[in-house]
Amino acid sequence: MVGEDIRRCVKECARKPWCQYLGYRRHFPLCNLYIEPYDEALKFSRTDCVIVLKSAMQSEMITECNNVCPVSVTSLLTCNVTSLGISCIKEECPPPEHVPYAKEVLGNMNTNGSKKLVSCLPGYKIEGEKIIICNDGHWTPLPACIIEEQWVSNVRNFSSQAVSAKDPESIAWNAVQVMGPPDVYPKHEQNPLAWSVSPANVKSTEEFLELEFAIPVKVGHVDIYETYKAGSVTSIQGLRLSDDVWVTLWSTDTPEEINTSRIFSPPLKVTSFFTNIIRINMDATLSSDYIEVDAVKLITA
Ligand SMILES: [Ca+2]
């Protein structure tokens, strides 16, 4: 509350069962009401020049209010004193819960009818209504901040992988090379920083990579960074987490051999399920050589 004198501030704290103490700044003047119990350690970190504890506000009104309105921080009841008596009303909402990955919440009023605007950190997009409204002591549903793009965080399974002849102990050409952002693209070459089909499997029609991302999302696009002999992808599937069923998001009967690197991002079937597991199926037989994949990006719908 801004512009109130300290007597009004004391009265406001007294009639709100949840108010534990008030801080008052004379200069503005500004009245802060606090939900949490007074902590002496906070004394010097706050800029309030006057602190008044609830226990110092001895009045019949507080006793009567406490009898009528149960003390509850979550309901934030307020004692409404009129000539007809004392009643208990919800005239404001508790501070809204923290939204993970929110950049900021604009709006500092919590009274009924107040609005707040939620915005997300860069790289996250809002899902749900970005403006929340306090109605009868309750906020309308909070939106969520959903990650927009993710790189592979783990390889769950794979059909085969090439191993360096010079250094068989290394992870060169192993499936783990698809983790993280691309480090070969846009080059078109055999590169140990990409996954490669194993020599034994270059004539396999059933090559696959099963890839895990950190956060389950609704799938918008899957970008496949093909960095040697592109064109082998035959289908892209997502594991529907709710029932553990593979859903085909895109497929073709005509894989090909393309002698350039590319970011392959075919239009996917529109779905609403959540997943963080993507399977890429490939036909290695059309290529006259190894096939290699550098990285895979999952883009939220
Ligand atoms: Ca790579």
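Two strands count as paired when DSSP finds at least two bridges between them. Keep that in mind for this tour of a predicted model.

**The whole chain**

Start with everything shown as a cartoon. The chain holds two helices and 20 strands. Now turn to the C-alpha trace, which spans about 90 × 40 × 25 Å along its principal axes. The radius of gyration is 30 Å, whereas a compact globule of 301 residues would have one near 19 Å. Buried residues account for 28% of the 301. Of the contacts between residues at least 6 apart in sequence, 62% link residues at least 24 apart.

Next, colour by domain: domain 1 covers 6-89, domain 2 covers 102-147 and domain 3 covers 149-300.

Select residues 78-82 and 85-89, which are strands S4 and S5; they run antiparallel and are joined by five bridges. Two residues lie between S4 and S5, and the pair forms a hairpin. Click on Thr-82 and look across to Gly-85, its bridge partner in S5.

**Stop two: an open sheet**

Move on to S6, S7, S9 and S10. These four strands make an open sheet in the order S6-S7-S9-S10, with antiparallel pairing. Which strands stand at the edges? They are S6 (102-106) and S10 (138-139); each has a single partner strand, so one side of each is left without a neighbour in the sheet. Zoom in on S9 (residues 131-135), which pairs with S10 in the antiparallel sense over two bridges. Asn-135 is opposite His-138 of S10 here.

**Stop three: the largest nonpolar core**

Now show side chains for Val-178, Ile-224, Ile-278, Ile-280, Val-293 and Val-296. These have the most contacts inside the largest nonpolar core, a group of 33 residues. Strands S15 (207-228), S16 (233-240), S19 (274-282) and S20 (292-300) each supply at least two of its residues. S15 gives the most, with nine residues.

Centre the view on Val-296. Beyond its neighbours within four places in sequence, Val-296 touches Val-152, Val-178, Leu-211, Val-222, Asp-223, Ile-224, Tyr-225, Ile-278 and Ile-280. A second, separate core has 18 residues, including Cys-13, Tyr-21, Leu-77 and Cys-79.

Go to the loop between S13 (154-158) and S14 (195-196), where you will find Pro-186. The peptide bond from Tyr-185 to Pro-186 is cis, with omega near 10°.

Stay in the loop between S13 and S14 and select Trp-173. Its phi is near 65°, a positive value in a residue other than glycine. Is Trp-173 buried or exposed? Trp-173 is buried, because 22 other C-beta atoms lie within 10 Å and the cut-off for a buried residue is 20 or more.

Finally, jump to Lys-229 in the loop between S15 and S16. Lys-229 is not a glycine, yet it has a positive phi of about 55°. How many C-beta neighbours does Lys-229 have inside 10 Å? There are 25, so Lys-229 counts as buried.

How values were computed. Residues are numbered from 1 along each chain as its sequence is written. This is a predicted model: local features need pLDDT of at least 70, side-chain atom pairs count only at pLDDT 80 or more; totals for chains, interfaces and linings use all residues. A nonpolar core is a set of buried Ala, Val, Leu, Ile, Met, Phe, Trp, Tyr and Cys residues joined through C-beta atoms within 7 Å. A residue is buried if 20 or more other C-beta atoms lie within 10 Å of its own, exposed if 12 or fewer, and partly exposed in between; C-beta atoms are placed from the backbone. Two residues are in contact if their C-beta atoms, placed from the backbone, lie within 7 Å. The radius of gyration is taken over C-alpha atoms; the globule rule is 2.2 Å times the number of residues to the power 0.38. Domain bounds come from an automatic or database domain assignment.
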